Amino acid sequence: MTTVLDPTNEATPATIERSMRPESLAGLTVGLLDISKPRGNVFLDQVEQRLIALGSTVKRYKKPTFTKPAPVDMRHEIATECDAVIEALAD
Amino acid sequence: METPALPPGLVAFVKRDCETCQLVDPLLATLASDEALTVYTQDDLTFPESLQAVDDLALEMSWHHNIETVPTLIRVGKTGIEAERIVGWSRDQWQAFTGNMELGITLPEFRPGCGSLSVDPSRSDELNARMGGSGLATRRIEFAELEDDFEAMYDRGWSDGLPLVPPTEARVMRMLEGTTRQPSDIVANVAPDLIDVTVEKIAVNAVMAGCKPEYLPVVIAAVEAICTDEFNIHGLLATTMSVGPVFVVNGPIAKQLGMNSGINVFGQGNRANLTIGRAVQLVVRNVGGGRPGEVDRCAQGSPTKIGLAFAEDEAGTPWISLAEERGMEPGANAITALCLEGPRLIVDQLSRTPESLTNTLAEGLLATHSRRMVAGIDAMLVLSPEHMARYIDAGWDRARFRTELEERLMVDTNDIIRGTGGIEEGLPAGFADMQLPKFRPGGLHIAHAGGAAGLFSSVFAGWVSGPTGSVPVTKPITH
């Protein structure tokens, strides 16, 4: 019987409740996060038009670079300002 | 574990595999007839032959009472406190110690003792772990009796696909002897799970990767290098491009570790080269949580994602090293992490002038990723000794070579506008009539390595370069 040392981070993932899905996007503020890949804005422009047609208010955000996670401040800003968020990747 | 007391009277520690112990064997029976004598045997219950020994095959008493030599003779008081001890065989000493002036008069005057099994290098780590309590904080995992150790590690998802060395406490303690840093020291915060990694956790993964303890400072420096905002290991993991961290080791430590800078430098056959990079990747996998198909979204992968480290051949060129060009002192031990694909050859077997060879190298470098990609990626050119010889013969130093090469790496954008040459890929039309560098300023990295024969050099292409992607990071290697 061999005893070894655990090579992993030993972390127990926190369980976070998924937020409730809205019945409709009408009247809600929807954040659109551009991850800064080329032409992501083209896709998001289309999405924005659709959302406005649905009666949503749209806020746009853009990561400084697609190669790194969104800065903490930006994540906080989105969470406090929006009811829903759409993250877009395009090339 | 509490120290077990020795019995009062005389106590001897012996092993059969020691000529001096065999020499004093008959004397032990004599001593036993005079006063209470307890003999602990380390390797054979039928030794000594002159009287019945107490079993110390597990070396518990030997370890607790710091026996370094056999035979050791100890006088223990009534309360179990050691009064004095002698080691080896010295007739005068043994006679004075026991008060028996006839003891061993037919034996030679002096014989040195032998090493105690409890300090034998092959046993001491296991003993230290078993008896001493390692003080290591890492969670212990006990494999079931019917589990195969190697399969058990695969089953738990710890492996990169190759077998792992089981990270037992004894092996991890031995690994930690490779550094003076405390096991609990935090080295870095590892993406993607953003976990603080300790020296101890790195040691566990270094054991699994097959590292020797002396490699540990290099692995630690490598982990420090990749877990920086500049290097951006998170991005390397998440990208669909086939890049991983490549490590170049400079300084005398490379030779001390037996790292390869010569024949087959990027290939198989050298333990340090193969296991150092692998250990770093296992830290990313097991501590950082970066696994293919999860945060790692690489489309095709690359050998550099398994682990690739090599030493620069500094002795074979008068040029300053990669580390020196990056600001390290000459002769300093350093590791540079670069975000790169696998190597590909640039072949030129006919050029005899540095100008001609530089033209070839530039052509090869311009083709990295695609001729139509400019100013977007870094690259590393590793000159082979036979190519390097062209520059040494002509008296070119590193600075001259760099200047000449970079002049040849300017791209006429009219050749790579979208649609030109029947290729849809390329720059937008607005970039016409410009001269752009293939690599950003400082984005071409140059090193020297390889076997003495072969008129080819290697180029490693990179990934998104500069602050928006990955910037190479050089760290000093400290023990």
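## Terms and model

A residue is called buried if 20 or more other C-beta atoms, placed from the backbone, lie within 10 Å of its own. The model is predicted, so local features need pLDDT of at least 70 and side-chain atom pairs count only at pLDDT 80 or more, while totals for chains, interfaces and linings use all residues. Residues are numbered from 1 along each chain as its sequence is written, and chains are lettered from A in the order in which they are written.

## A covered helix

In chain B, helix α7 (residues 199-209) is mostly covered, with 11 of its 11 residues buried; among them are V199(B), I202(B), V204(B) and M208(B). Helices here are DSSP runs of H or I with at least four residues, and strands are E runs of at least two. The buried residues of α7(B) pack against β1 (3-5) of chain A, and also against elements of chain B including α6 (169-176), β11 (186-190) and α11 (271-286). Just after α7(B), G210(B) takes a positive phi of about 100°.

## An open sheet

Chain B holds an open sheet of 5 strands in the order β3-β2-β1-β5-β6, with mixed pairing, where pairing requires at least two DSSP bridges between two strands. Because β3 (54-55) and β6 (82-87) of chain B stand at the edges with a single partner strand each, one side of each is left without a neighbour in the sheet. Strands β1 (residues 9-14) and β2 (residues 37-41) of chain B pair in the parallel sense over 5 bridges, and F13(B) has Y40(B) as its bridge partner in β2(B).

How values were computed
A residue is buried if 20 or more other C-beta atoms lie within 10 Å of its own, exposed if 12 or fewer, and partly exposed in between; C-beta atoms are placed from the backbone. Two residues are in contact if their C-beta atoms, placed from the backbone, lie within 7 Å.
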